[in-house]
Amino acid sequence: MDKIVEESIEMYNAYIPKVISGCNLIINNLRDNKISEGLEIIKNLVEGLDWLQKIGNLLVIHSIENVIKIEDLVDILNEINKALEIEDYLLVADILEYEILVVFEEFKGLTIS
(Lines give C-alpha, C1' and ligand atoms only; values in the text may rest on other atoms or scores of the structure.)
Protein backbone atom coordinates (compact mmCIF):
# COMPACT_ATOMS: atom_id res chain seq x y z
CA MET A 1 0.00 0.00 0.00
CA ASP A 2 1.16 3.51 -0.80
CA LYS A 3 2.92 5.24 2.13
CA ILE A 4 0.72 8.32 1.75
CA VAL A 5 -2.42 6.18 2.00
CA GLU A 6 -1.07 4.43 5.11
CA GLU A 7 -0.24 7.75 6.75
CA SER A 8 -3.65 9.13 5.78
CA ILE A 9 -5.37 6.16 7.42
CA GLU A 10 -3.33 6.65 10.58
CA MET A 11 -4.11 10.39 10.69
CA TYR A 12 -7.79 9.72 9.96
CA ASN A 13 -8.06 7.18 12.77
CA ALA A 14 -6.17 9.47 15.17
CA TYR A 15 -8.45 12.39 14.41
CA ILE A 16 -11.75 10.65 15.24
CA PRO A 17 -11.19 10.76 19.04
CA LYS A 18 -10.48 14.49 18.69
CA VAL A 19 -13.85 14.96 16.99
CA ILE A 20 -15.52 13.04 19.82
CA SER A 21 -13.83 15.09 22.54
CA GLY A 22 -14.57 18.31 20.64
CA CYS A 23 -18.26 17.42 20.35
CA ASN A 24 -18.39 16.62 24.06
CA LEU A 25 -16.70 19.91 24.90
CA ILE A 26 -19.17 21.84 22.74
CA ILE A 27 -22.12 20.00 24.30
CA ASN A 28 -20.89 20.70 27.83
CA ASN A 29 -20.13 24.36 27.11
CA LEU A 30 -23.50 25.01 25.48
CA ARG A 31 -25.39 23.26 28.28
CA ASP A 32 -23.37 25.18 30.89
CA ASN A 33 -24.28 28.44 29.11
CA LYS A 34 -20.67 29.01 28.01
CA ILE A 35 -21.93 29.96 24.59
CA SER A 36 -18.92 31.82 23.21
CA GLU A 37 -16.58 28.96 24.17
CA GLY A 38 -18.91 26.43 22.56
CA LEU A 39 -19.25 28.48 19.37
CA GLU A 40 -15.49 28.81 19.04
CA ILE A 41 -15.10 25.04 19.23
CA ILE A 42 -17.89 24.59 16.65
CA LYS A 43 -15.75 26.54 14.18
CA ASN A 44 -12.89 24.13 14.85
CA LEU A 45 -15.24 21.16 14.48
CA VAL A 46 -16.41 22.37 11.08
CA GLU A 47 -12.80 22.73 9.92
CA GLY A 48 -12.05 19.25 11.25
CA LEU A 49 -15.02 17.73 9.48
CA ASP A 50 -13.91 19.39 6.26
CA TRP A 51 -10.45 17.86 6.70
CA LEU A 52 -11.97 14.43 7.41
CA GLN A 53 -14.03 14.69 4.26
CA LYS A 54 -11.00 15.54 2.13
CA ILE A 55 -8.92 12.72 3.58
CA GLY A 56 -11.91 10.37 3.35
CA ASN A 57 -12.36 11.19 -0.33
CA LEU A 58 -8.69 10.40 -0.94
CA LEU A 59 -9.04 7.08 0.87
CA VAL A 60 -12.17 6.11 -1.05
CA ILE A 61 -10.30 6.73 -4.30
CA HIS A 62 -7.76 4.19 -3.04
CA SER A 63 -10.52 1.65 -2.30
CA ILE A 64 -10.44 2.08 1.48
CA GLU A 65 -13.82 1.17 2.93
CA ASN A 66 -15.71 2.22 6.07
CA VAL A 67 -14.79 5.89 5.76
CA ILE A 68 -17.26 8.16 7.56
CA LYS A 69 -19.13 9.96 4.81
CA ILE A 70 -19.30 13.54 6.04
CA GLU A 71 -21.58 14.37 3.12
CA ASP A 72 -24.12 11.97 4.68
CA LEU A 73 -24.20 14.30 7.69
CA VAL A 74 -25.12 17.41 5.70
CA ASP A 75 -28.80 17.35 6.70
CA ILE A 76 -27.85 17.06 10.37
CA LEU A 77 -25.28 19.84 10.02
CA ASN A 78 -27.97 21.99 8.40
CA GLU A 79 -30.19 21.34 11.44
CA ILE A 80 -27.35 22.57 13.65
CA ASN A 81 -26.97 25.66 11.49
CA LYS A 82 -30.70 26.43 11.76
CA ALA A 83 -30.56 26.00 15.54
CA LEU A 84 -27.57 28.34 15.69
CA GLU A 85 -29.43 30.94 13.62
CA ILE A 86 -32.26 31.03 16.18
CA GLU A 87 -29.75 30.78 19.05
CA ASP A 88 -31.22 27.53 20.35
CA TYR A 89 -27.98 26.29 21.85
CA LEU A 90 -29.58 23.46 23.79
CA LEU A 91 -30.93 22.08 20.52
CA VAL A 92 -27.43 22.33 19.04
CA ALA A 93 -26.08 20.36 22.00
CA ASP A 94 -28.81 17.72 21.61
CA ILE A 95 -28.19 17.32 17.87
CA LEU A 96 -24.47 16.96 18.48
CA GLU A 97 -25.00 14.41 21.23
CA TYR A 98 -27.70 12.27 19.69
CA GLU A 99 -26.97 12.52 15.98
CA ILE A 100 -23.35 13.52 15.28
CA LEU A 101 -21.50 12.06 18.24
CA VAL A 102 -23.11 8.66 17.75
CA VAL A 103 -21.66 8.37 14.24
CA PHE A 104 -18.13 8.98 15.46
CA GLU A 105 -18.44 6.85 18.61
CA GLU A 106 -19.61 3.87 16.53
CA PHE A 107 -16.66 4.23 14.14
CA LYS A 108 -14.30 1.29 14.60
CA GLY A 109 -11.38 2.74 12.67
CA LEU A 110 -9.90 2.05 9.29
CA THR A 111 -7.47 -0.78 8.89
CA ILE A 112 -4.34 -0.94 6.83
CA SER A 113 -4.39 -3.99 4.59
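Visitor: What volume does the largest cavity have in this structure?
Guide: In this predicted model, the count comes to one cavity of 30 Å³ or more. Empty space of this kind is shown by rolling a probe the size of a water molecule over the atoms. For the largest cavity, the volume comes to about 40 Å³.

Visitor: Which residues line the largest cavity, and how do they divide by class?
Guide: The lining of the largest cavity is made by Gln53, Gly56, Asn57, Val60, Val67, Ile68, Lys69, Ile70 and Glu71. Sorted by class, the residues of this lining are four nonpolar, three polar and two charged.

Visitor: What is the volume of the largest pocket, and which residues lie nearest its centre?
Guide: The largest pocket has a volume of about 240 Å³, and 13 residues line it. By class, this lining holds nine nonpolar, three polar and one charged residues. Those that lie nearest the centre of the pocket are Ile42, Val46, Leu49, Leu77 and Ile80.

Visitor: Which element gives the most to the lining of the largest pocket?
Guide: The largest pocket has a volume of about 240 Å³, and the elements that give two or more residues to its lining are helix H2 (35-61) and helix H3 (74-85). With six residues, the element that gives the most to this lining is H2.

Visitor: How many helices and strands does the protein have, and what does its C-alpha trace span along the principal axes?
Guide: The secondary structure comes to four helices and zero strands, and from the N terminus on the elements run α-α-α-α. Along the principal axes of the protein, the span of the C-alpha trace is about 45 × 20 × 20 Å.

Visitor: Are H1 and H4 roughly parallel or roughly antiparallel?
Guide: Two packed helices are described by the angle between their axes and the distance between the axes. For helix H1 (residues 3-31) and helix H4 (residues 89-106), the axes come within 9 Å and cross at roughly 160 degrees. Because angles over 145 degrees count as roughly antiparallel, H1 is, relative to H4, roughly antiparallel.

Visitor: Which residues of H1 make the contact with H4, and how is that contact made up by class?
Guide: The crossing of H1 and H4 is left-handed. On the side of H1, the contact is made by Ile16, Val19, Ile20, Cys23, Asn24, Ile26, Ile27, Leu30 and Arg31, while the residues on the side of H4 include Tyr89, Leu96, Leu101 and Phe104. By class, the contact of H1 with H4 has 16 nonpolar, one polar and four charged residues.

Visitor: What is the handedness of the crossing of H1 and H2, and how are the two helices oriented?
Guide: The axes of H1 and H2 come within 9 Å and cross at roughly 160 degrees. The residues of their contact divide into 21 nonpolar, six polar and one charged. The crossing of H1 and H2 is left-handed, and the two helices are therefore roughly antiparallel to each other.

Visitor: How far apart are the axes of H2 and H4, and why do the two helices count as roughly parallel?
Guide: H2 and H4 pack with their axes 13 Å apart, at an angle of about 30 degrees. Because angles under 35 degrees count as roughly parallel, H2 is, relative to H4, roughly parallel.

Visitor: Which residues of H2 and H4 meet, and how do they divide by class?
Guide: H2 passes H4 in a left-handed crossing. In this contact, Ile35, Leu39, Ile42, Leu45, Leu49 and Leu52 of H2 meet Tyr89, Val92, Leu96 and Phe104 of H4. The residues of the contact of H2 with H4 divide into 10 nonpolar, no polar and no charged.

Key
Residues numbered from 1 in each chain as written. Predicted model: local features only at pLDDT ≥ 70, side-chain atom pairs only at ≥ 80, totals over all residues. Heavy atoms only, no water. 1 Å grid on protein atoms, 1.4 Å probe; cavity = no way out; pocket = protein on both sides within 12 Å on 5 of 7 lines; lining within 4 Å. Points joined across faces, edges and corners; volume = space filled by probe spheres on them. Nonpolar A, V, L, I, M, F, W, Y, C, P; charged D, E, K, R; others polar. Axes fitted to C-alpha atoms, helices over the stretch in contact; angles between N-to-C directions. Parallel < 35°, antiparallel > 145°, perpendicular 65-115°, else oblique. Left-handed = near helix turned anticlockwise from the far one by under 90°. Contact = heavy atoms within 4.5 Å.
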